[in-house]
Each structure stands twice: as C-alpha cells, then as structure tokens.
Amino acid sequence: MSTNIYDIANELERAIRNLPEYKAVEAVKVSVEGNPEAKEILESYIAFQKGIQEKLQAGDIPTEEDQKTMLDFNKKVQANPLLVEYFTKQQQLAAYVADLERIIFKPLNELL
C-alpha cells in the first residue's frame, strides 16, 4: 500500500492548526480585529509590505521615502501592545514553519 502524499499534507495542515503557537496567533488576531486602531495599522502595514515586495520583484530598490514609511510603521507597531504581541506570536509560529520547510525541502535540495 502506498502512502498518499496529499493525505500527509492535509494531516500536517491539521497538526499546524492545533499547535499552541498557532492558537495563540489566532487568538491575538481576533483581538487585533476587534481593535480599530490596531486593525488599521496592521492592514496598512501589510499593504505597504506587499507594495515593497512587488517593487523588489520588479527589480526596483525601495526609496528613501519607503524606508521612512517603514520606520514610521515600526514606531506605530511598537507603540501598540496588541500588535507587539501579535508579531511576537507570529515569530514563535514562524520558527515551526521554518523547521517544517527545512524538513519538507530536504529531499528536493539533495537533488540539486
């Protein structure tokens, strides 16, 4: 009997959703969504980040104005305890994701 890789991937998705770190991000995200100031800062920050990523993918270098805007966002985020908690929890979850990526891509990297 062969193993269905899609079943394994779906099982991994469920396991990630059950991680305490995932649940912590999920809970603080609900709090952010319920706080108009935090929600607006987060949405604006994400939109700005997407714009920067698009610039970089197009081969453009972020401008001085972009850098100033990033510093302004960092100040706003640091001044909002809810967003500080959100990004801290995100980083904790990202550690798991990085480990999983390393494990999943190991056989593919060996082919290079």
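Colleague: In which helix is the place of K23?
Modeller: This is a predicted model, in which local features need pLDDT of at least 70, side-chain atom pairs count only at pLDDT 80 or more, and totals for chains, interfaces and linings use all residues. Residues are numbered from 1 along each chain as its sequence is written, and side-chain values use heavy atoms, with hydrogens and water left out. Helices are DSSP runs of H or I with at least four residues, numbered from the N terminus, while strands are runs of E with at least two. In these terms, the place of K23 is in helix 2.

Colleague: Does K23 count as buried, partly exposed or exposed?
Modeller: Buried means under 20% relative accessible area and exposed over 50%, with partly exposed in between (1.4 Å probe, protein chains only). The relative accessibility of K23 is 41%, so K23 counts as partly exposed.

Colleague: Leaving aside neighbours within four places in sequence, with which residues is K23 in contact?
Modeller: Contact requires heavy atoms within 4.5 Å. With neighbours within four places set aside, K23 is in contact with R17 and N18.

Colleague: Against which helices do the buried residues of helix 2 pack?
Modeller: V25, V28 and V32 are buried in helix 2. Seen down the axis, the buried residues fall within an arc of 75 degrees (taken from the directions from the helix axis to the C-beta atoms), so they line one face of the helix. On the other side of helix 2, P20 and V30 are exposed. The buried residues pack against helix 3 and helix 5 (81-110).

Colleague: Which residue forms a salt bridge with K55?
Modeller: A salt bridge needs a side-chain nitrogen of Lys or Arg within 4 Å of a carboxyl oxygen of Asp or Glu; the structure holds 4 of them. The closest N and O atoms of the K55 pair are 2.4 Å apart. K55 lies in helix 3 and its partner in helix 4, so the pair ties together parts 11 residues apart in sequence. The partner, buried with a relative accessible area of 12%, is D66.

Colleague: What is the N to O distance in the salt bridge of R17 and E13?
Modeller: R17 and E13 both lie in helix 1 (residues 5-18), 4 residues apart, which is about one turn of the helix. Their side chains meet in a salt bridge with an N to O distance of 3.0 Å.

Colleague: Why is the ring pair of F48 and F73 described as it is, and what is its class?
Modeller: Rings of Phe, Tyr and Trp (its six-membered ring) pair if their centres lie within 6.5 Å; planes under 30 degrees apart count as stacked, over 60 as edge-to-face and the rest as tilted. By this rule there are 4 aromatic pairs. For F48 and F73, the centres are 5.5 Å apart and the planes are at 40 degrees, so the pair is tilted.

Colleague: Which residues do ring pairs link into a cluster?
Modeller: F48 in helix 3 (residues 36-57) and F73 in helix 4 (residues 64-78) are 25 residues apart, and their pair links distant parts of the chain. Y86 and F87 form an edge-to-face pair, 5.4 Å centre to centre with 75 degrees between the planes. The cluster linked by ring pairs consists of Y45, F48, F73, Y86 and F87.
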